[in-house]
Amino acid sequence: MGNILITGCPHSGNDAGMLRQIIAGACVESPHLLHVLHILQQKFLHVSETAIREVSAMLALPYSQVEAVVEFYSFFHKTPRGKYDILFSNCICCGYLVDGTDLMAMFGRRLGIVAGRTREDGLVSMDQTSCIGMCDHGAALLVNGMPVTGLDGSLLERIAILIEDRVPLADWPSEWFQIEDSIRMSGMLLDHEMPRGDSLRAMLAFGAEASLNEIIQSGLRGRGGAGFSTGMKWKSCRVAQGAAHYVICNADEGEPGTFKDRVLLHRYADSLFEGMTVCAYLIGANLGYLYLRGEYRYLLPHLQSVLLLRRETSLLGTNICNQPGFSFDVQIVVGAGAYICGEESALIESLEGKRGIPRVRPPFPVSHGYLGQPTVVNNVETFVAAACVVQKGSTWLRAMGDEVSKGSKILSISGNCARPGIYEYPFGVSIRQVLEDCGAADTYAVQVGGPSGVLIGSPEFDRRLGYDDLPTGGAVMVFDKSRDLMAILVNFSRFFSHESCGFCTPCRVGTVLLRDRLDKIFSGRGAQTDLEEILHTARLMKQYSHCGLGQTAANPVLDGLQRFPQVLEKFLLNRDFEPDLDLDKALAEGRRIRKGNDGIACADRGGQ
Amino acid sequence: MMKTDNRQDQAARNTITIDGQEIPFQHGQTIIDAALEAGIYIPHLCHRSGLSPHGSCRLCMVDIVDRKETLGDSDRRREGKIQEETRSRSVAACTMPATAGQWIRNNTPELNEARKVITQMLFTEGNHICPSCEHSGNCTLQAVAYYLGMLDGHFPPFFPRRDLDASHPTVMLDRDRCILCELCVRASREADGKNMFAIAGRGTRARLIVNSASGMLADSDIEMHDLAVHVCPVGAILIKEQGYRVPIGQRTFDLHQVEEIDLGKTIPPEMGQK
């Protein structure tokens, strides 16, 4: 993959001729807007106004659409980044604060850079980014899109030396870029050996109608968290009228604490594409998309090679498995840093080369999806499971799990436990069991399903994973008694305010209000009224937001207030009300300029 | 969307109930369009009949109430009086299609309180300086705030820094007041056929941009008669050299409730042209 070899140069980013050449080259590979912008970002370290103009002309898109997209996604920049662009994860489990030391600040001091800025000489830039899915590997960063995990002071020092010496990324120790799959406990799905193409052959032997019924019978439900019946979704799409049907795999797992797709994409890509191909046959699609989160771009060469192999073995392309008329292929589109694109309709918007804004539903994607056509969107794990069901039959899945939730769930477990990693359990397993298996001791709280999920404490550890009790996309973040839960709530609230798409008022404004209110309490300036304010804002967001992001963004703080009120209360001042305006902070700059002398203006405060 | 407008076709009409009042709707109509047509006001900012539904401001949130199963379809209305309200969910009236038998709550203290808070949020995130705003009195945001009894901004203001575009000879863009309702975006695309505006960015950094090479209005094809110039519910898009032609105190919402204007009970001369 190119991005470790190309050395970007910001200066030619305004040369129209040069730009046209690069854009034309990018279009050969894929004319998708996100792809073209990625190539430009890589080559010129930013996407200039001139570049936007050229892209808009060459792709025949409105200038405003290209500009809107550039500004929407975190990985595109209108001003040049450094030749080495460092993004520290700010996740509570793989972030730069995970070991109690501020690694980003340390790195910044070492290299003389400030977060969010590019160093004067243009060599290096540094910033923070939302969870990059490396929670089983300790503190992690992306350097020019490539993940480096297990960060500590000494590793960062070695990185700093390589950067100062301008050593190309390709010559960095390759073991730094090795990401372990860390499967700790496998079950029916991960243990299942499926020779390439077996599922397709089974489906063709069985027939479309019967195979679809088998999936319905199996009770397979979407593994992304919402839990809609997979078979029913496919059936609705199959009967929906449209000029074309599409299969989309949602591999945009952005929920902090989730990394199971990383492992599935790495190790079970064949099964995933097989599941998509099965779906294509059943709904009558000729084209599918894998929407890969930008943070997992490093997996792209591997995924492309699997696709190539499948094309070569007649498992993709025309007349698949020698079945006349069975044609299907998969294209991969890589995101560019936007959590909201994990929402299926926002993902479709992004696939269409737009900002990732969730659509109004109904209509749902099964009837009006990609390009307005009937579309199935499922998550990685769902497609893998569907492929297995078709091969093994519905009884295979029904043998595991409970009445409501059939089969197994793959969990990404991280945080304070001895063995973080991937665990597969039959549905119905208790949190207590999970904690025991991953070696968690002294557990204080568990965030099930990531920040948008549920935060529970020890009285609820006997609750079970499943669609009727604790539904989850797969993230289990474990926090022991050494952790400050308040800091975690603050972290989550920052995450949501950063990731809100800005479409609807309650979420756009509410996430910022919650963040600021929690910051105020965390800084020791909160009073009782601030808790009431949080409750009011949180309830409003939950009830009136446009999509799941806004509706769940307040979950952590609501759960915190309900189950761990002492965590917030211990930060409160012993008074009912404290003004939002922090006078000392407001005066700080003036005082700095006047060298600490408030004069008579604020004698009462400044003179304290 | 598509207006079939065959009102004679009574068979195609059905009814929904808003705050106990049964009203007709046409197939494909949203709740808000059915309500406005029937003379029921639902507060809104990003909606305008004739432009595609949007659902972003969230002021038109209503509750659709599920009621206990009826014993039979034979006499639904009589049955309705003794039905027990079981569950309710909040939906945007501007995007939710009306379907036969919907039982909707609209003008309730709870909903109006939520709408007031959402309005406060809109004031909080922008720079709205009503006393010195040229649009004061003609501003729907302001009028809705009065309607909902909003007396203060409540939240700590964000004081964002936003660009102003006065490059065009007749039209001005003051982003300080923009509430991201996208009425101008849709009007330009759907009514004017120009695609003059878009929203760029994310979260509170989302901003209205102009579809021209320089990003400035001066280089755009915008014209005075474009609907996009006139749909702004706040003072973000202003027409130059018309300021204070109508004195403050005699403007649309100085003389009328927002409800009257939206229901078309009173069409003031300056708005009647559109």
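## Sheets and helices of chains A and B

Strand E1 (residues 14-18) of chain B pairs with strand E5 (residues 103-105) of chain B in the parallel sense, over 2 bridges. Within this pairing, B:Thr17 stands opposite B:Trp103 in E5(B). Both strands belong to an open sheet of 5 strands in chain B, whose order is E2-E1-E5-E3-E4 and whose pairing is mixed. Strand E2 (21-25) and strand E4 (85-92) of chain B stand at its edges with a single partner strand each, so that one side of each has no neighbour in the sheet. Direction ignored, neighbouring strands of this sheet are turned by 35° against each other on average.

This description rests on a predicted model. For chain A the pLDDT averages 94, and 97% of the residues score at least 70. Over residues 1-6 of chain A, however, pLDDT stays under 50, and the model has 12 contacts beyond four places in sequence for this stretch. Where pLDDT is low, the predicted coordinates should not be read in detail.

B:Ile199 stands opposite B:Leu208 in E9(B), and among the 6 residues between the strands, B:Gly201 takes a positive phi near 80°. Both faces of E8(B) are covered, with B:Phe197 and B:Ile199 buried on one side and B:Ala198 and B:Ala200 buried on the other.

In chain A, an open sheet of 4 strands has the order E9-E8-E7-E10, with parallel pairing. Its edges are taken by strand E9 (329-334) and strand E10 (375-379) of chain A, each of which has a single partner strand, so one side of each is left without a neighbour in the sheet. Strand E7 (residues 246-251) of chain A pairs with E10(A) in the parallel sense over 5 bridges, and A:Ile248 stands opposite A:Val377 in E10(A).

| Strand pair | Sense | Bridges |
|---|---|---|
| E1(B) and E5(B) | parallel | 2 bridges |
| E7(A) and E10(A) | parallel | 5 bridges |

Among the helices of chain A, helix H9 (residues 230-239) and helix H11 (residues 269-283) have axes that come within 8 Å and cross at roughly 45°. The two helices are therefore oblique to each other. Their contact is made by A:Trp234, A:Cys237 and A:Arg238 of H9(A) together with A:Cys279, A:Leu282 and A:Ile283 of H11(A), and by class it has 5 nonpolar, no polar and 1 charged residues.

Helix H21 (residues 555-563) of chain A has A:Asn555, A:Pro556, A:Val557 and A:Gly560 as its buried residues. These pack against several elements of chain A, including strand E14 (454-457), helix H17 (485-499) and helix H18 (505-522). Helix H23 (residues 583-593) of chain A, by contrast, is hardly covered, the count of buried residues among its 11 residues being 0. A:Lys595, which follows H23(A), has a positive phi near 55°.

Finally, the contact between the chains takes 29 residues from chain A and 30 residues from chain B. Helix H4 (63-72), H17, H18 and H19 of chain A each supply at least two residues of the side of chain A that touches chain B. By class, that side has 14 nonpolar, 10 polar and 5 charged residues.

Key
Residues are numbered from 1 along each chain as its sequence is written. Chains are lettered from A and ligands numbered from 1 in the order in which they are written. This is a predicted model: local features need pLDDT of at least 70, side-chain atom pairs count only at pLDDT 80 or more; totals for chains, interfaces and linings use all residues. A residue is buried if 20 or more other C-beta atoms lie within 10 Å of its own, exposed if 12 or fewer, and partly exposed in between; C-beta atoms are placed from the backbone. Two residues are in contact if their C-beta atoms, placed from the backbone, lie within 7 Å. pLDDT is the predictor's confidence in each residue, from 0 to 100. Ala, Val, Leu, Ile, Met, Phe, Trp, Tyr, Cys and Pro count as nonpolar, Asp, Glu, Lys and Arg as charged, and the others, Gly among them, as polar. Axes are lines fitted to C-alpha atoms, for helices over the stretch in contact, and angles run from 0 to 180 degrees between N-to-C directions. Angles under 35 degrees count as roughly parallel, over 145 as roughly antiparallel, 65 to 115 as roughly perpendicular and the rest as oblique. Two strands pair if DSSP finds at least two bridges between them.
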